[in-house]
Amino acid sequence: MEEKQKSRASFTSRIGFVMAAAGSAAGLGNIWRFPYLAAKYGGGAFLLVYIILAVTFGFSLMIVEFAIGRKTHISAIEAYGKLDHRFKWLGYLASIVPIIILPYYCVIGGWVFKYFGVFISGQAGASSKDGFFSNYIGQTAEPIVWFMVFMIATAIIVMLGVEKGVEKVSRTLMPLLLILSIVTAVYSLTLPNAMAGVKYYLIPDFSHFSVNTVLAALGQLFYSLSLAMGITVTYGSYCSKKDDLEVSATQVDIFDTGVALLAGLTIIPAVFSFSGGSQAQLQQGPGLMFVMLPKVFSSMGFGGVIAGAAFFLLVLFAALTSSIALMETVVSIFQDKLHIGRMAASILTLAISVVLGLLSSLGFGALSGVTLFGFDFLDFFDFISNSILMPLVALFTCILVGWVVGMKTIDDEVTISSKFRREKLCNVMIKWIAPIFIILILVSSVLNSLGIIKL
Ligand code: PHE
């Protein structure tokens with residue numbers, strides 16, 4: 001509690017607050033997850049839906065979460081109940097999300113670690129060969145070792161409470177990641193046949209469009225902006241009554257979406273250049289970045305090996321700051337709810353994460369025969385958190401704010417520090433459009449996957 005009080009006062013400037021929120025937002029979601037979803041769900045059609053959602057609903061929900069946090073001045077698990085005691089359970093529902101995400105986030109973090117190692121040890125060429133990635137994740141021991149390295153690094157930083165140091169380093173490194181991403185994207189665009197990829201990525205083709213495109217874009221929006229899981233509420237609780245919430249939300253939204261768009265622009269054209277845009281590659285899911293980026297870097301020659309090593313190192317830092325934010329959240333939930341110390345809460349978090357993470361990691365190797373509702377473990381955890389739980393948390397946040405306590409509470413909170421320029425948009429989104437939309441999408445997606453309707 002004491003630490004929380006301290007950090008709650010710790011955003012001394014609005015820019016510090018925006019940087020912290022942006023640091024938590026930008027991570028594997030932007031660089032690893034966004035490009036593979038865009039490739040899988042129809043390129044331009046996905047991009048269009050995503051951008052529309054980001055500037056309307058993403059923006060509105062972010063302001064609402066900031067405002068709930070700042071108003072209640074308490075972390076998410078209590079915040080919803082403080083607004084209305086009948087919504088106490090929503091705090092719990094939101095808290096389950098980071099508990100599910102953290103373990104598999106660290107598995108992917110481990111893959112990034114491995115690829116950084118591959119590049120600095122001069123094996124970039126080997127990693128660009130077809131089958132390298134699937135062989136690698138199919139092994140039992142090595143991916144587990146890297147997962148544990150990443151997980152334990154996260155845990156040590158959280159236990160020692162030195163995340164501020166890491167955040168500082170990563171804040172100086174993030175602009176570098178942005179610059180390197182731009183350079184790599186530009187290079188990727190000069191590859192033979194890359195323009196076919198640019199077309200696929202930028203020009204919507206609605207024959208690729210389905211209800212799943214929309215659900216995937218919605219889930220990605222929450223994941224990438226760290227919404228609908230209590231984290232942004234907690235960030236809001238740290239910020240001062242002077243900070244302009246609307247400008248902050250806009251900046252975080254633009255930065256986060258920009259990084260994701262750039263990652264897509266690097267990876268998708270590469271699929272067309274190296275694999276002729278084959279559906280098998282476009283549809284492959286979580287492995288896409290790990291398969292395509294080594295090809296891009298290897299084709300650059302020696303400079304590419306260095307660029308690749310630098311790139312994976314920077315992604316590693318982006319992933320680490322996000323995993324720290326996730327673990328911090330889980331630890332503080334356990335501390336508050338189980339009334340245990342920070343160390344005990346960290347060890348409990350670590351234990352749960354190791355078990356769930358092992359399942360995700362082994363799901364590609366020793367346990368590859370086991371599926372849950374047709375998903376391997378990692379995809380299953382990803383699916384229930386992103387496509388089920390987060391839309392539900394968002395839906396009930398809209399109901400709580402729009403219909404129970406009233407949007408006025410949010411509007412009043414925002415206008416303490418500034419004018420609320422897009423108040424109308426936000427009110428209509430939260431009260432009407434978003435809830436109706438989420439219900440329609442969730443119901444049709446469930447019916448679709450049960451085979452009752454075909455969309
Ligand atoms: N938004 C992060 C990403 O895009 C994931 C994350 C979620 C990080 C919640 C912290 C908290 O990678």
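Residues are numbered from 1 along each chain as its sequence is written, and side-chain values use heavy atoms, with hydrogens and water left out. Because the model is predicted, local features need pLDDT of at least 70 and side-chain atom pairs count only at pLDDT 80 or more, whereas totals for chains, interfaces and linings use all residues.

The protein chain contains 20 helices and zero strands, where helices (H or I, at least four residues) and strands (E, at least two) are DSSP runs numbered from the N terminus. The C-alpha trace spans about 55 × 50 × 40 Å along the principal axes of the chain. Of the 455 residues, 60% are buried, that is, under 20% relative accessible area with a 1.4 Å probe and protein chains only. Among contacts (heavy atoms within 4.5 Å) with a separation of 6 or more, 81% are between residues 24 or more positions apart.

Ser322 lies in helix 17, which covers residues 302-338, and is buried, with a relative accessible area of 5%. When residues up to four places away in sequence are not counted, Ser322 touches Gly23, Ser24, Ala26, Gly27 and Tyr105. The side chains of Ser322 and Tyr105 are also joined by a polar contact of 3.4 Å, a term for a pair of N or O atoms within 3.5 Å of which, within protein, one must be able to donate a hydrogen and the other to accept it, residues adjacent in sequence counting only if both atoms are side-chain atoms.

Technical notes. Buried < 20%, exposed > 50% of the residue type's maximum accessible area, 1.4 Å probe, protein only.
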